[in-house]
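Morning, everyone. Please have a look at the model, and then I'll walk you through it.

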Amino acid sequence: MAQAAEIVQVFQPKDYKSDLKPIWCAGCGDFGVLNALYKAMAACNLDPNNTVVVSGIGCSSRLPGFVSTYGFHGVHGRALPIATGIKLARPELNVIVVGGDGDGYSIGAGHLPHCARRNPDITYLIMNNNVYGLTKGQVSPTSTIPLISLQSKQDPKRWKTTPYGSTEDPIDPIVQAIAHDISFVARGFSYKPNQLADLLTQGIRHKGFALIDAFSPCPTFNQDQTDEFYKERTYDVPLDHDPTNKLKAFELALSDEGFPIGLIYKKERKVSVQDELAFLRESAVPQSLDQMFAHFMS
Ligand SMILES: Cc1ncc(C[n+]2csc(CCOP(=O)(O)OP(=O)(O)O)c2C)c(N)n1
Ligand code: SF4
């Protein structure tokens, strides 16, 4: 008897575009990141019906609206717990988390080490523009000293968000991620979209929590960390770098030669929390809203 042929669904990057056109400013780095994400989703052949893109709040966090998968536009800084909850309840879904450096490294920073400990099988893409874009140019934890937005330089009376620029030392998200033992740590650049797409592809395929920090310049509010700034200071991770060597990963991340772009750290970690707590799923997840209300009202 003839065997039924296996149906392999092949998606193209265009299949992930939604009907909404991005409303980012002309020249925003997030366009390059979005295109890289479309390519990576196609490379992983993610079924849009089985994929959810979760975000916090910010210009970058608008991204789920521009992708034709399920989406969850969450609360500022809380994308990771929402995504972890989705993965716990529906482990068969592909869960991709997106947001800005303000969202992930400022208000949401406390979630990173704990998400690293739980190691859920989700991918976190941070569009790092070293500034708060949506709220018009305040400094973020990755702003260099002294970041003063264009408007502040030209007309401090009108733009007062950061009149003295950044006064605090920036954090290094890659060094922090390695210290937290996040099981896949990479850095990309929106002006190198093919390389970023490849890193995202690897991150989505990685079993465990993957963090990809992508430089994504904001030409409207950050005149210091521009595309030119990063073009001059980024370089490819050397071919002989061993990402499984934690000390070498720290060495690379801490090097003052510039910003390495590529896979920096990778560790096979124990099975993720969503598998360990699988036994809770049947009893913990109400099958309907009515059941949920009944559960909490009883
Ligand atoms: C609880 C809470 N605090 C503050 C805000 C205001 N807020 C909205 S977006 C944002 C920062 C956006 O910066 P980032 O996350 O880096 O994203 P970008 O806009 O640069 O892409 C802030 C402070 C908010 N919406 N909710
Ligand atoms: S304000 Fe900056 S981050 Fe926001 S859309 Fe414009 S260029 Fe992009």
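Start with ligand 2: the space it takes is the largest pocket. A pocket is an open set of points on a 1 Å grid over the protein atoms alone, with protein on both sides within 12 Å along at least five of seven lines.

This is a predicted model, where local features need pLDDT of at least 70, side-chain atom pairs count only at pLDDT 80 or more, and totals for chains, interfaces and linings use all residues. Residues are numbered from 1 along each chain as written, chains are lettered from A and ligands numbered from 1 in written order, and side-chain values use heavy atoms, without hydrogens and water.

Now the helices. H2 (residues 79-89) and H4 (residues 111-118) pack at about 25°, axes 10 Å apart. So they are roughly parallel, meaning under 35 degrees.

Key: 1 Å grid on protein atoms, 1.4 Å probe; cavity = no way out; pocket = protein on both sides within 12 Å on 5 of 7 lines; lining within 4 Å. Sits in = over half its atoms within 2 Å of the grid points. Axes fitted to C-alpha atoms, helices over the stretch in contact; angles between N-to-C directions. Helix = DSSP H or I, 4+ residues; strand = E, 2+ residues; numbered from the N terminus. Parallel < 35°, antiparallel > 145°, perpendicular 65-115°, else oblique.
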